[in-house]
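Student: I would like to learn how to read this structure feature by feature, with the general idea given before each case.

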Amino acid sequence: MMIFDSNAYLGHWFARQIRHNTAPELVALMDENGIDKACVGSLAAIMYRNSQRGNEELLREIADHRDRLVPFGVINPAYADWEHDLDWCLNEMGAKGIRMYPQYHGYKVLDPLAHELCQACGERGLAVTLLHRQVDYRQSHWMVDAPDLALDDIAQLCSEHPDVNFIILEGAGFAGSRFIKEAETLPGNSYIEISRSSVFMGKEMKTLIDTLGAERVLFGTGIPMKYPGPALLKMQHVETSKQNKKKIFGENLAKLLGV
Amino acid sequence: MLIDAHAHCRGPLEGDDPWAQDRLFVEAMDAVGIDIAVVSNLSTPRPATPEGFQKCNRDMLSALKEFRGRFWGYAYVNSGYTKEALADIERCLEADEDCIGVKLYNEYFISDPVVRPVIEKCIELDVPILQHAGHSQVNTSSQPFISDGGHVTKVSREYPEAKIICGHLGGGGDWEWAIKALRDSSPSVGADTSGSVTDEGLIEYAIEVMGADRLYFACDMSVTAGAGKFMSAKMSDDDRGKIASGNFLRLVGREA
């Protein structure tokens, strides 16, 4: 069974030391945990004023590991020349998608800038990633205030770009959001990663599978920022079929990205 | 043996199946291999009144009976009600030998003088205190008297024999701050690994700074987070055994 991690990173994070954050180290961590491939984005790019420098670092870092690491660019639509960076990510880096960070880049999920970026990604066939959170808000750095995004805002953004595929990372609380409540009427263009989903008392992961379909649920760990164990345990214990687990572990993401 | 040193019970609840919530938790324990969970019941508006924490503790004692062999208990009290708190600690510890300690929440910093009688009672009875704790830069008004590692260390200098567990290193605050603040606390002070935060390196850093002898495996109801990070964290087999259950058994004077 192929395991394809939708939620991985390389590089430095401004607020704390991250281990296993070079490509060889990350691949070794993946090997330890049976993870075949991973989508990676630059952590440094999130906080660089000019995110593109982080994307360039990422490209150099993964050069010897293209068979295992699938690059995602970090694009800030509030920064000069972002369309150039987007084309560079597509054509030079070979990105399969981008990660957008309204919570760190000073715009709102439903601002015109966000729509412009989603439209541009749609025109280029790139998936768009949003993170409900990058880190737990309670451990915020004193210089940076980045509350969790509102899931309903993300659902609205997805609904207004039905031709774009969205990947939602580090999300939780979907049961009370439009993603679940309006699942029958919203377009099926959003894919939910499970590293924060509950499988026992809350059973959110089962709700996602039952309501959205296993085809829209993605495996992800958050490595190397987070331990891989919790996500692997969720996959082990979620109440669903082996066939569904196979889809969630890797088939869905491979199909979505054409990898 | 795996002991979850920081957990909660909910029942008995109204309805046809008063233990449904707790049974779900036991099923989760079974799934990830937790043998015993040490539970408190906090199901009362806080700050808790004496009537509130007394009801919580009656329910906790009922849960110990219902899930004998799977739950041990902490008696929860609000230290602001000295007479009632001390009485309820004694009542619970006498009522059930599986009630093995005291749980304090966020009504007062543990270093507040009002908590001293409870600390002294726990020293007298030789039982541990599990202290709800966290250190955050945000939303500080939501829990203005939440203790952190600094408060715990301050208390340990005054009461070095007090057995205190600083709750949930992964509970959402700055865990590096908590670990460093606890470095020079007395040897009888430790911390549990519970909480929903699964940051890579958390447990290894706690071992590096505090030492494996002062750490306790726990989930605080985030079962996959707690068990998963313990599974992933790199440590010696000896340290893993200590954190899994050895340290807690030693703390409460029990054998596996």
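Tutor: Let us begin with pairing: two strands pair if DSSP finds at least two bridges between them. Helices (H or I, at least four residues) and strands (E, at least two) are themselves DSSP runs, numbered from the N terminus. This is a predicted model, in which local features need pLDDT of at least 70 and side-chain atom pairs count only at pLDDT 80 or more, while totals for chains, interfaces and linings use all residues. Residues are numbered from 1 along each chain as its sequence is written, and chains are lettered from A and ligands numbered from 1 in the order in which they are written.

Student: How many bridges join strand E3 of chain A to strand E4 of chain A?

Tutor: Strand E3 (residues 69-74) and strand E4 (residues 97-100) of chain A run parallel and are joined by three bridges; within this pair, Phe72(A) lies opposite Gly97(A) of E4(A).

Student: What is the order of the strands in the open sheet of chain A?

Tutor: The sheet has eight strands in the order E1-E2-E3-E4-E5-E6-E7-E8, with parallel pairing. At its edges stand strand E1 (4-10) and strand E8 (217-218) of chain A, each with a single partner strand, so one side of each has no neighbour in the sheet. E1(A) pairs with E2(A) in the parallel sense over five bridges, and Tyr9(A) stands opposite Gly41(A) in E2(A). Strand E5 (residues 127-131) of chain A pairs with E6(A), again in the parallel sense, over four bridges, where Leu131(A) has Leu169(A) in E6(A) as its bridge partner.

Student: How many residues of strand E2 of chain A are buried?

Tutor: The general idea is a count of neighbours: a residue is buried if 20 or more other C-beta atoms lie within 10 Å of its own, exposed if 12 or fewer, and partly exposed in between, with C-beta atoms placed from the backbone. In strand E2 (residues 37-42) of chain A, six of the six residues are buried, so the strand is largely enclosed by the rest of the structure. Lys37(A), Cys39(A) and Gly41(A) point one way from E2(A), whereas Ala38(A), Val40(A) and Ser42(A) point the other way, and all are buried. E6(A) is likewise covered on both faces, with Phe166(A) and Ile168(A) buried on one side and Ile167(A) and Leu169(A) buried on the other.

Student: At what angle do helix H2 and helix H3 of chain B pack?

Tutor: Two packed helices are described by the angle between their axes and the distance between the axes. The axes are lines fitted to C-alpha atoms, for helices over the stretch in contact, and angles run from 0 to 180 degrees between N-to-C directions. Helix H2 (residues 50-66) and helix H3 (residues 82-95) of chain B pack at an angle of about 10 degrees, with their axes 11 Å apart. Angles under 35 degrees count as roughly parallel, over 145 as roughly antiparallel, 65 to 115 as roughly perpendicular and the rest as oblique, and H2(B) and H3(B) are therefore roughly parallel to each other. In this packing, Pro50(B), Phe53(B), Gln54(B), Asn57(B) and Leu61(B) of H2(B) meet Glu84(B), Asp88(B), Cys92(B) and Ala95(B) of H3(B).

Student: How many residues of chain B are in contact with chain A?

Tutor: In chain B, 29 residues are in contact with 23 residues of chain A. Helix H1 (20-32) and helix H8 (223-232) of chain B each supply at least two residues of the side that touches chain A, and H8(B) gives the most to that side, with eight residues.

Definitions and conventions. Two residues are in contact if their C-beta atoms, placed from the backbone, lie within 7 Å.
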